[in-house]
Amino acid sequence: MKKHQKAILALAITLGLSGALGFSSYEPAFASSTDEVITIKKGDTLYSLSKKYDVTIDELKKMNDLTSSKIIAGEKLIIKEATDIVVKKGDTLYSLAKTHGTTVKKLKEWNLLTYDNIYTGQKLLVKAPVIIEVKKGDTLYSLAKKANTSVEQLKDWNSLTTDTIKVGQKLFLSPSPESFTITVKKGDTLYSLSKKYGTSVAALKELNELSSNTIYSGQKLRLN
């Protein structure tokens with residue numbers, strides 16, 4: 001079993017197979033700086049907006065914590081919640097958890113983190129990754145359409161080199177923690193990177209399947 005397959009299985013077990021296989025439930029909703037938000041215009045309805053932005057009325061109500069279908073012109077409405085963010089200077093797991101209505105524990109689980117250290121420029125999931133089990137008749141094209149993404153994006157998130165998928169295979173339909181990488185810069189070493197990002201040389205080598213300590217400028221490395 002390859003590392004990305006182990007990651008999917010581990011996350012599915014952590015999230016609970018019943019909750020992880022299929023579209024994940026929403027967290028308590030309020031707008032964050034990375035959500036896509038619109039201003040409601042006169043004549044807008046949840047139905048018309050659901051058609052315009054290719055989202056269901058139920059999803060709009062959950063994202064905006066609405067108990068009815070009534071909306072008011074001039075108010076803000078979340079039409080797409082952020083699934084991942086880029087860490088900014090001063091961010092902590094605690095502050096990000098608070099901003100996105102979740103917990104530090106969940107952020108660590110979703111991003112396969114074993115430590116509390118995060119770094120500027122790091123990508124982190126702020127919603128539970130969406131994991132599905134491939135069913136008979138599924139193709140990358142049909143799954144990409146279902147997830148409102150592209151085939152190439154699905155292949156990237158799941159480390160796929162071909163378009164072939166198998167019944168029973170588990171796939172990410174949203175960004176996977178293993179798809180987040182850094183680019184090695186001139187002068188970087190495994191030791192310096194391990195100190196900078198709060199991990200170890202051994203962990204970096206295992207995660208990236210390195211047989212030596214040699215790395216090169218331009219190389220992509222996974223940190224989660």
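Modeller: The accessible surface of the chain comes to about 13100 Å². Carbon and sulfur atoms hold 52% of that surface. Keep in mind that this is a predicted model.

Colleague: How many of the residues count as buried, as a percentage?

Modeller: 39% of the 224 residues.

Colleague: And how many helices and strands does the chain have?

Modeller: There are 10 helices and 8 strands. Among contacts with a separation of 6 or more, 64% join residues 24 or more positions apart.

Colleague: On to the inside. Which residues have the most contacts inside the largest nonpolar core?

Modeller: They are Ile-132, Leu-140, Leu-143, Leu-154, Ile-165, Leu-171 and Leu-173. That core has 15 residues.

Colleague: What lies apart from it?

Modeller: Another core, of 14 residues. Its members include Leu-93, Ala-97, Leu-125 and Ala-128.

Colleague: Is Asn-64 buried or exposed?

Modeller: Buried, because its relative accessible area is 17% and the cut-off is under 20%.

Colleague: What lies 2.7 Å from a polar atom of its side chain, the side chain of Asn-64?

Modeller: The backbone nitrogen of Ile-78.

Note on methods. Residues numbered from 1 in each chain as written. Predicted model: local features only at pLDDT ≥ 70, side-chain atom pairs only at ≥ 80, totals over all residues. Heavy atoms only, no water. Core = buried A, V, L, I, M, F, W, Y, C linked by side-chain atoms within 4.5 Å. Buried < 20%, exposed > 50% of the residue type's maximum accessible area, 1.4 Å probe, protein only. Polar contact = N/O pair within 3.5 Å; in protein donor to acceptor, adjacent residues only side chain to side chain. Helix = DSSP H or I, 4+ residues; strand = E, 2+ residues; numbered from the N terminus. Contact = heavy atoms within 4.5 Å. Areas by Shrake-Rupley, 256 points an atom, 1.4 Å probe, with all protein chains shown as cover.
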